[in-house]
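Here are a few friendly notes to read with the model open beside you.

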Amino acid sequence: MESLLLSAIIFIPFFTALIASILRLSYTKLRSFSIASSLIVFGLVLFLAMQYDPHGGMQFVRTVDWIKNYGISYHLGVDTLSLVLLLLVSLLMPLLYLYMWHENRKGYWYNMLLLQSGITGTILSLDLILFYLFWEMMLLPIYIMIGRYGNGKRQYNANKLLLMTMLGSMSMLFSILYLGYTHFEVNGFWTYSFEDLSVLTFTPSIAIWVASGFLLAFAIKIPLFGFHTWMAPAYGSSPTPAVVILSAIMAKLGIYGIWRFGYTLFEEILVRYSYHIIILALIGLVYYAIVAITQSSLRRMFAYASGSHLSLITLGLFFANIYSWGGSLYFIITHALASAGIFLMIGLLYKRTNTIRIKDLGGIASQAPLFAVFFTFFALSIAGVPGTGGFVAELLIIIGAFKYDLWIGIATASTMLLAMLYTFWMLQRTLFGAVGLATQGFKDLSKKEIVMLLPLTILLLITGIAPSLFIPFIEPWITITLETISQNIGGL
Amino acid sequence: MFALIEQFYIILPMTIVLIGAFTLMILSHNKSFELKHFNLVAVLFLTIALAIVMIQFGNIPKGYLFEDIIGKVFIVDDFALLFDIMSITGVILTLLINTDYFHSRSYFNGEYFALLLFSLFGMILLAHAHELVTAFIGLEIASLSIYALVGYHKNNHVSSEAMMKYLVLGSMTGAFFILGTALIYGVVGSTTLNDIATYTNGHNNEESILIIVGATLIMVTILFKIGAVPFHGWVIDVYEGSPFPITMFMASTFKIAIFAIALRLYLIDFVSLHGQWNFILQTITILTLLGGSWLAITQSSIKRMLAGSSIVHGGYMLIAITSVGAGSQIAVPAIMFYLIAYFLSAVGAFGILSYISASGIKQLTYEDFKGFSERRPYLAIFMSIFMLSLAGFPSTIGFLGKFYIFTAGVESEQFLLVGLGITTAFISIYYYFKLIAMMYFYPKNEPQTPIRYTFSSALIVLMAILIIWGGIGSSLIPFIPSADALIDIAKGAINSIG
């Protein structure tokens, strides 16, 4: 039974969508189906987390031959990194369904179900071809959701997202093929399992090409500075559930890719060139933050804020010490929760006012105090105010940065300041001041909306106040992984 | 050496196809016969032929038919039988999936089906040909029927123009084949593939210069037929001008048959010339990939876009052929897999187009598909699946096809070609997803039409399921061949060619 657990987690949403589409359910039934499937998956993931041993390395591994001629297998497994992301996805999905409660366009629900399958598949697959399959699969629902249910120049922005992401995927495919073939040539049999491929060694001149193939895909997904042109338009045009997934989960998958595949397949290259990527991420960190200040639309502002923080996570990854890695993994959790919260609230705000232009808003606090409290809380968690989880994570990354290099540490620490700047200024203009035209008669949060936001709030508070509850869970994995890497390349 | 009775058993499928063609021709004089009867008769004959070939496949030792009478002209091996299976299945599917279309156009009649079967007969001959003149006869039988079929809509000037274009250019390139054969005969003194191979293996390139010239001329004909750049001038206009069933037939089935002879020639006959040719083939592959992509991008009609993209798909297969020359072991099964993958996707895509246009719309442009997902949600899903498969999106058979081809390219260190192949695959995302975007991103611009559940729509569903199964199919479910089994079959067939 346990061997089927991971497959069940991946495919329950998919089959829900398939069965519902064959039965041609009405949207209320489809809604019940979707919520039920997401709750079942959440239950299964919790069960999985309970069984999981933080010291145990890769667990629940399942390998079934798929295409034997080329050694491609259906190869799943879970470790701390994937479990963290898995927990986040399965937690967010029911909340998003709650947000979509009155959504009567059925395609919306189908796409969300397929999206969940794609994302969990990406997180759990350990075979590179399988990973590539799910990596592409999760793009499609997002593409359709932006293009069909989005706003603004949705068709154009959806296509931009698609083409840029596909460009990355194609270069990754090339690298995957090259890895597989090299393994065949060196060891005499085909395999695409990343554990087998990680034993390969390349000369630096070839390794850099193989690594860039992967890094391009991940850099576009994150997005690092220079690969970000799709980000703001796509975030701006997405419907709320899609933007929550984009920011909270899909962007993290770029980080996940570097972590899972980068640091096993070509760790030497990553360590050798880490300085370049750190500079790129630093530019992104500061640049996105400054651009965020200048934005006039809430969603675009938080898109850039999200980009800035993802650059911070990337920084933490490339400092490659125990503090920064702990911080990065911790930030993945807290940023996902906080950005999901803030984008959901922007969605609620849009439902009420039909605008997300900061200029048109104002004075919400006086009319809807509860809304203002939640909104402030999430915004402050994004900025990393002490008491929220973001603070702990940012602190850890900054400590790691100082350990890496003094000046880079100082530059990294600037993120705290810049984030405070754009958050507080935004809060001042939207929540306080005179009541804007759009915000007249602003309704406060309903019970359903509070239920939707409460889990995120509680988790953010716990991660902020009592990080010691979570650190023992993620620390063993980081220690082991760092040790393995430093053994492989002879010292970091 | 086969016993006499065995030889008749082997030739049975071909004979049935031929008898079927003649029967249809005679029946077409009977005015009381309706179109669906002709369709039924044709499918009936083909199904019997297919069943026999299926039984024969894998159970017949390699040999030559009527060897004591005509020599080593007509080869029987698993390779040829596999191509027989593919071509016959192709024609059956073309006939069935277009049922609606046949009824919606008044110009179809009994001879149409006869011509299709004659063409199929030529293709089977082509797959079994082990001698250049026989190959030419097979090629011309197949082509001549297609010339007539392209211009079948007599009153339509586009159709007639397409036929003229194809007829003139096709006959001219056919002459290249004959000239090449003559040159080779002049050197070797025989046109049997074995003799040519023996000669080229025994002599160095200085002595066999005429063979190189002759083989290159033959290659021109083959490249013309698969629409490689720079021999692609006819493709778009002919595909556009032909009735849908014929476009489908040319894009999928006819291409398969051409690759049958191309592979046989390249694998047995001209092995020693690989070094000479590789540069030419590489150049042509690059041109085909880029030129085809350019043509596909610039079209506004779906039919023309599919025509342009069929050139690109030819380019992918040329990558694999180049890899064969560069010493790849896995390239040939990859081509056969790709042929099947492309065949399924193209038949599906053209099938939907013909199904839609059966209800009256003549021009099918991107614009016509605006809001299609609201009018026909299920058809839109299937169309998306076909587009995804053509684009090589994972979880479809098209992805595995490209995966095999690119792996073969990497194996023979053709990094430039594989890089370019991946780039064109990326470009193809644009024109395939444009259709998906049209279907899903725009509101409907015309009222809902009632949905007809016909045999054609059932087949479209079948195609979609096959495509998905071919992409993800595992051996978990017993008795259903997985994606893996398909490549095993192809490998077995290649080994039989020897």
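**Notes on a predicted two-chain model**

1. Let me start with helix H15 of chain A, residues 322-353. This helix has 32 residues and spans 45 Å from its first C-alpha to its last, close to the 46 Å expected at 1.5 Å a residue. Please keep in mind that this is a predicted model, so what follows is computed from predicted coordinates.

2. Staying with H15(A), where does the helix bend? The bend is at Phe331(A), and it amounts to about 25°. H15(A) is also mostly covered, as 27 of its 32 residues are buried. After the helix comes Asn354(A), with a positive phi near 60°.

3. Chain B has its own helix H15, made of residues 331-357. It has 27 residues and reaches 38 Å between its first and last C-alpha, close to the 39 Å expected at 1.5 Å a residue. How many of the residues of H15(B) are buried? The count is 27 of 27, and the helix is described as mostly covered.

4. Now for the overall picture of chain A, which contains 21 helices and two strands. Its radius of gyration is 22 Å, close to the 23 Å that the globule rule gives for 492 residues, so chain A is as compact as a globular protein of that length. Along the principal axes, its C-alpha atoms fill a box of roughly 70 × 60 × 45 Å. Buried residues account for 58% of the 492 in the chain. Of the contacts in chain A between residues at least 6 apart in sequence, 79% join residues at least 24 apart.

5. Chain B likewise has 21 helices and two strands. For its 498 residues the globule rule gives 23 Å, and the radius of gyration of chain B is close to that at 22 Å, so this chain is as compact as a globular protein of that length. The box filled by its C-alpha atoms is roughly 70 × 55 × 50 Å along the principal axes. In chain B, 58% of the 498 residues count as buried. Residues 24 or more positions apart make up 79% of the chain B contacts with a separation of 6 or more.

6. The strands of chain A deserve a point of their own. S1(A) pairs with strand S2 (residues 72-78) in the antiparallel sense, over six bridges. One of the pairings sets Gln59(A) against its bridge partner Val78(A) in S2(A). The hairpin has four residues between the strands, and Gly71(A) takes a positive phi near 60° there.

7. Phe60(A), in strand S1 of chain A, has a positive phi near 55° although it is not a glycine. Is Phe60(A) buried or exposed? Phe60(A) counts as buried because it has 20 C-beta neighbours inside 10 Å, and 20 is the cut-off for that class. In chain B, Phe66(B) also has a positive phi, near 50°. Phe66(B) sits in the loop between strand S1 (63-64) and helix H3 (67-70). With 14 other C-beta atoms within 10 Å, Phe66(B) is partly exposed.

8. Finally, please look at the cis peptide bonds. One joins Ile222(A) and Pro223(A), with omega about -15°. Pro223(A) is placed in the loop between helix H9 (204-221) and helix H10 (231-237) of chain A. Another cis bond links Val229(B) to Pro230(B), where omega is about 10°. Pro230(B) belongs to the loop between helix H10 (209-226) and helix H11 (235-241) of chain B.

Key
Residues numbered from 1 in each chain as written. Chains lettered and ligands numbered in written order. Predicted model: local features only at pLDDT ≥ 70, side-chain atom pairs only at ≥ 80, totals over all residues. Rg over C-alpha atoms; globule rule 2.2 N^0.38 Å. Buried ≥ 20, exposed ≤ 12 C-beta atoms within 10 Å, placed from the backbone. Contact = placed C-beta atoms within 7 Å. Expected span 1.5 Å × (residues − 1). Bend = angle between axes of the 7 residues up to and from the residue. Pairing = 2+ DSSP bridges.
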